[in-house]
Amino acid sequence: LAAAVALYGLLQTVFTRQTDPFDQKVLTIGAMEAGERRNVVADKAVMHATLRTYDEAVEARCLELMRNH
């Protein structure tokens, strides 16, 4: 779960620093799931995300940044 949280922070930083601030875009992580037991480190984490833009070029750039980081 800690790695998923770090990834979320990285993506937000990348979006704000490597894209035009006037391009309208929103990345929402609506849910994070990791593990099923207390006090046991989960072997995987799943993030459910939504990317919203008005421009297909902005969407393509955001997806490229997500894949490269």
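**A pair in helix H2**

Modeller: Let's start with Arg61 and Glu64, which both lie in helix H2, three residues apart, or about one turn of the helix. Helices here (H or I, at least four residues) and strands (E, at least two) are DSSP runs, numbered from the N terminus. Before going further, please keep in mind that this is a predicted model, in which local features need pLDDT of at least 70 and side-chain atom pairs count only at pLDDT 80 or more, while totals for chains, interfaces and linings use all residues. Residues are numbered from 1 along each chain as its sequence is written, and side-chain values use heavy atoms, with hydrogens and water left out.

Back to our pair: Arg61 forms a salt bridge with Glu64, and their closest N and O atoms are 3.9 Å apart. The term asks for a side-chain nitrogen of Lys or Arg within 4 Å of a carboxyl oxygen of Asp or Glu. A search of the whole structure finds one salt bridge. Both partners are partly exposed, Arg61 at 33% relative accessibility and Glu64 at 39%. Buried would mean under 20% relative accessible area and exposed over 50%, with partly exposed in between (1.4 Å probe, protein chains only).

H2 covers residues 56-68, and its axis comes within 10 Å of that of H1, the two crossing at roughly 135 degrees. That makes H1 oblique to H2, because angles under 35 degrees count as roughly parallel, over 145 as roughly antiparallel, 65 to 115 as roughly perpendicular and the rest as oblique. The axes are lines fitted to C-alpha atoms, for helices over the stretch in contact, and angles run from 0 to 180 degrees between N-to-C directions. The H1 and H2 crossing is right-handed: the near helix is turned clockwise from the far one by less than a right angle.

Now for H1 itself. Gln12 lies in this helix and is partly exposed, with a relative accessible area of 26%. Gln12 and Met66 are 54 residues apart in sequence, yet 9.9 Å apart in space, C-alpha to C-alpha. Tyr8 also belongs to H1, which runs over residues 2-17, and Tyr8 is partly exposed at 31%.
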